[in-house]
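The following paragraphs lead through a protein chain, one region after another. The reader may wish to keep the sequence and the coordinates at hand.

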Amino acid sequence: MLPRADIATAVQPVNPVEPATAVVSVADAKQEAFSRLAQIAVGQQLAGRILSTFDDGTFLVRIANTAARMVLPPNARTGDSLILTLVSKDPRPTFAVKEDSIGQDSESSSVALSTAGRAMQKDLKSLQFVTRDESGAGQIAEHEEVPLDVLTKGGQSGQAGTPTSTPTTLSNAARLINSLLQASQRGDMADYVSPSTALLARAGAPTDQMASALQNAITYSGVFYESHVSAWAAGQRPAEELMKEPQAQVAAQRGGEINLLSTDDPAQNQLGQIINLQLNALEQQRVLWHGEVWPGQKMEWEISQEDGNDKPKTPGEAQEPPSWHSVVRFNFVHLGSVTASIRLIGQQIHVQVKADSEAATATLRGNTPMFADAMAAAGTSLDSLIVKQADGEI
C-alpha cells in the first residue's frame, strides 16, 4: 500500500517556493523625451549638440538632457553645436535653428597640451582637412585654410554622381604626424640617423674609444629623447646629458619658438627628421644609422629587438630573454663589402660574417682566432662565429 503524500514521512521541499516578483513597468522612452521637451517654455533658447545622423537625412540632437530626432539645415554635421529656440509645443515640440549658430563644438577641441604641443598649436592657426582621392587614400591639404563654405557644405561642389569628401578636423599632433609621414613617403625625409661628422678623428683608435663613440651615436641621436627626459625627471639622468641631444640644443638656441610645419624655419628639417625617425622606430622596432666611423670609412648600422615573449607559453615556463640583432655593413678598400650580423640572446653572442669575394672570406676566416681572443679579453665570449661568402642577405 502506498503512503499518503500528506503525511509527515513524505519528502519535504528544501526551500519554500516564492512567487515571482512582478516586473516594474518602464515608461516609454519617446514619451519621456516628449515630456522633457514639453517642459521648455515657448521662446526659450537652448544649446544643442548633434550626436549622429540617420539615413533619411535627419539628425539626433542632444537638448535639455534628452535626445530628439530633428530635421536640420544641410550644413549640419555630427559633433556640431547649435542654438535652438522652442517656437511651438503643439502638436509636438518644434524648434527653430538660430542663423549661423551651427559650428564645431568647442568642447571637442579643448585639450591640455604639453609645452611642445602649445608650440605646435601656435604654428597651426589655419584649419586643415582630410580629402580622399580616387584610390581612397587620405591626404591633408598643406598650408591651406579651409573656407567656411567647404566646412558647411561638405564639399558638395564636386562632380555629380561621385561621393563627396567628408571634412575632418584633426588634432595638432595628428596634422604634424601626417605631414611628416607624407614627406617620408615622398622621399623628403630619410629613415635613418645620419650624423654630419665622423665618430672618430682617425682610423686605428682604441676599441673602447670606438665602442663609446658608437654608443653615443645612438644615445644622443634624439630618437630616445622623451624617455631620457622621463629618466631625468625621475632623477636617473643628469640634465647635462639631455643638452647633448638635438632637441634640447635647437630649443635652447631658438628659445622654444619653432615652427615644425614651416619650411622657412631652419629647425623644421632637423626636428622633423628626428620625429620621423621616432615614428619609424616605434612602428618597425628598429633604428638605422648611416655615417662615417672615421673620415672616409662609411658604415651602415641596424639595431632591432626580436622579442620572443609574445609566444604562447605553458604554465610555469620561464620567459625567454630578449634577443637583440645588430647588423653592420662596411666597404673596405682591401676586403670589399663586409657584413656582420650579431645576435645577443641573454648572455649568448652569435656572430655571422659575410664577404663578397672568396679571397676576403679566406682572410677573415684566418683571423677568427684573433677576433675571438679580442672578445675574450674584453670579457665577452663568443657562442658561435661563422664566416662565409655572401650569397644573399643575412
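Two strands are said to pair when DSSP finds at least two bridges between them. The model discussed here is predicted. In strand 10, Val287 has Ile303 as its bridge partner. Strand 9 and strand 10 (residues 297–306) are antiparallel and are joined by eight bridges.

These two strands belong to an open sheet of six strands, ordered 9-10-11-12-13-14 and with mixed pairing. Its edges are strand 9 (286–294) and strand 14 (384–389), each of which pairs on one side only. From one strand to the next, the twist averages 15 degrees. Helix 5 packs on this sheet and touches strand 9 and strand 10; the direction of helix 5 makes about 135 degrees with that of strand 9.

Leaving aside residues up to four places away in sequence, Leu214 touches Leu199, Met299 and Trp301. Leu199 lies 15 residues from Leu214 along the chain, and the C-alpha atoms of the two are separated by 7.3 Å. Another helix, helix 10 (residues 358–366), lies across strand 12 (336–345), strand 13 (348–355) and strand 14. Helix 10 runs at about 160 degrees to strand 14.

Helix 6 (residues 225–233) has Tyr225, His228 and Ala231 as its buried residues. These three are on the same side of helix 6 because they cover an arc of only 120 degrees around the axis. In an α-helix there are 3.6 residues a turn, so residues three or four places apart point the same way. After helix 6 comes Gly235, with a positive phi near 75 degrees.

Strand 1 (residues 45–53) pairs with two partners. With strand 4 (residues 80–88) strand 1 runs antiparallel through five bridges, and Ala47 has Ile83 of strand 4 as its bridge partner. With strand 2 (residues 59–63) strand 1 is also antiparallel, joined by four bridges, and Ser52 stands opposite Leu60. Strand 1 and strand 2 form a hairpin with five residues between them; in the turn, Gly57 has a positive phi of about 95 degrees.

The mean pLDDT is 74, and 65% of the residues reach 70 or more. Residues 1–13 have pLDDT below 50, and this stretch makes one contact in the model beyond near neighbours in sequence. Residues 106–114 are also below 50, with six contacts beyond near neighbours. Where pLDDT is low, the predicted coordinates should not be read in detail.

Terms used. Residues are numbered from 1 along each chain as its sequence is written. This is a predicted model: local features need pLDDT of at least 70, side-chain atom pairs count only at pLDDT 80 or more; totals for chains, interfaces and linings use all residues. Side-chain values use heavy atoms; hydrogens and water are left out. Contact means heavy atoms within 4.5 Å. Buried means under 20% relative accessible area, exposed over 50%, partly exposed in between (1.4 Å probe, protein chains only). The arc is that of the directions from the helix axis to the C-beta atoms. pLDDT is the predictor's confidence in each residue, from 0 to 100. Axes are lines fitted to C-alpha atoms, for helices over the stretch in contact, and angles run from 0 to 180 degrees between N-to-C directions.
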